[in-house]
Amino acid sequence: MTEQILAIVWAQFRITRNHLPRTGVGGVVMWIITALWYSLFVALAGVAIAGIPGISLSVLRQALPIALLILFLYNQTIPLLTLSTGWSLQINKLQVYPIPDSALFGLEALLRITSAPEFMIVLLGGVIGLARRSDVPLPAALCLLLFIPLNLFLQLAVRDFVVHAFERNRFREIITIFIVSIGVVPQFLLRTGLAIELKPYFLLFANGVGTPWHTAAALSLGRLSLFNFAALAAWTALTFWLARWQFARGLVQDDAFRGGSPAGASKKDASSPLLDSFSNLFQDPAAAIIQKEFHSLLRMPRFRVMLGMACIFSTLIFLPIRMGEDARGPGFFSHNYFVAVNLYGLLFMADLLLLNIFGADRGAAQIYFISPVPLGAVIKAKNLAACAFILLQNLLVVILTLIFGHVSAIGIVSGVAASAVATVNLMWAGNLLSVMMPRPVDPSATMKRQANAKVQLWVLLCTIGMAVLVGFAYLARWALDSDWALLGVLLFEFAIGGVVYKVALDSAVERGMRDRERLIDELSKTSSPVGGSLGLS
């Protein structure tokens, strides 16, 4: 089993090593940003190393379980909130080899470290800090490491449950609502004052006897009792069994979904009068491409989840901020709540709809280069389909914001105008990115980032550019104290974006036809045996 695991690790190492020499400026910048992010947690670990020896043992017995509970919640929720699970095995590529399920399970559990490495950094800082205390034996300080397997097993169980739940139509929306609730609750508690009222219950829960964080803290502080060992071992065994059972179910479900999805999809994809009515506004071939985009995107689990997040999550995530402002008196955010929600929701959908227009087609994109339909007509049709979905998102966000509070007419108009400006500018940038840096998208992978560092850098730059354009319009309103100034600047930026769109479209068509072999080759690539959001490829 060890030889098989080493073979998988070696294959992934060679794939990563072959990519590193081709890492460009984007990769370097993203590595710098990543290093700065993790340096914050290294600093926090340094604080633990320097500060723990100076804290009295009685205070530490109260504080350490709280710290471990916070780390536990961070490690379990951050992968869900970011829709990222770190590196993970591509089971469908490895099942054809004679590798025992136990070996795959062990490697998958170890890979959970990449989901939230910050947890390991801070925990190791705590271990070193405890080891520096004269009243804590070294074996006791090392007992804090026993908290790691429990977290890895539970995170694996949760990951497998969520990933396969997203593949089931009847559970996907429920899981999305659950994730939305997790993301909104902390802000809601902090901005409504409920956090102060719930603080005593949280402290009581953190110091509850028999809980895994309390038993791990007690063991690491020298209370090496049989009860603490037994309690932590029982929790670890329970999470191991849960993760092993869920992993085994996942192996069976992968085969079931691959075998039965095409037939089910053909029955579900009957023509819709609503979709047909929009595509009928245009002539072929644009109408046929638009209709194809509607049906293919609505079949994609990843797109449906992103659409739901763009409408629901974006509305709820800013709601506590608005409630806090309304309690103190109307402020800037209260008047511009719809604009913030609308633009934030657009970012969820931009990657699939605007910045990577050929990604969902993958290898099938070659039809666009061998058919008599001009590539420019294909891109325009894809852009029109994207505009239809963005209009739908705008409409749903208007309805939801009206449900949760009052929105003025000028707020709705300015929000839609800002969305139009952002869309047309992201559209021309996305058309160029789609032929310069094409990348295939796994339509069923809802819990995985599918962009390399260079693409992520360009997406970040496009987002900053969108914020700057909209910011200029609001700066004009502030300077002239007029809503007409806001709308005038947005209209001017939209017109400029339309002109740039025309020029960029011609450039995208020219480059796409020139590099069509490379484009098709990139879109036809499959993932490595170990893949995920932390990878370079």
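**Exercises on aromatic pairs**

F105 is buried, with a relative accessible area of 5%. The model in which this value was computed is a predicted one.

Determine whether F247 is buried or exposed.

*Solution.* The relative accessible area of F247 is 3%. A residue counts as buried under 20%. F247 is therefore buried.

**Geometry of F105 and F247**

State how many aromatic pairs the structure holds, then classify the pair of F105 and F247.

*Solution.* There are 14 aromatic pairs in the structure. In the pair of F105 and F247, the ring centres are 5.7 Å apart and the planes stand at 65 degrees. Planes over 60 degrees apart count as edge-to-face, so F105 and F247 form an edge-to-face pair. This pair links distant parts of the chain: F105 belongs to helix α5 (residues 101-111) and F247 to helix α12 (residues 226-268), 142 residues apart.

**Geometry of F294 and F389**

Classify the pair of F294 and F389, and locate both residues in the chain.

*Solution.* The ring centres of F294 and F389 are 5.3 Å apart, and their planes are at 85 degrees, so the pair is edge-to-face.

**A charge and a cluster**

Identify which residue lies over the face of F105, and list the members of the aromatic cluster that includes W213.

*Solution.* R244 is placed over the face of F105, at 5.2 Å from the ring centre. The cluster consists of F72, F119, F147, F205 and W213.

Conventions. Residues numbered from 1 in each chain as written. Predicted model: local features only at pLDDT ≥ 70, side-chain atom pairs only at ≥ 80, totals over all residues. Heavy atoms only, no water. Phe/Tyr/Trp six-rings, centres within 6.5 Å; stacked < 30°, edge-to-face > 60°. Helix = DSSP H or I, 4+ residues; strand = E, 2+ residues; numbered from the N terminus. Buried < 20%, exposed > 50% of the residue type's maximum accessible area, 1.4 Å probe, protein only. Lys NZ or Arg CZ within 6 Å of the ring centre and 35° of its normal.
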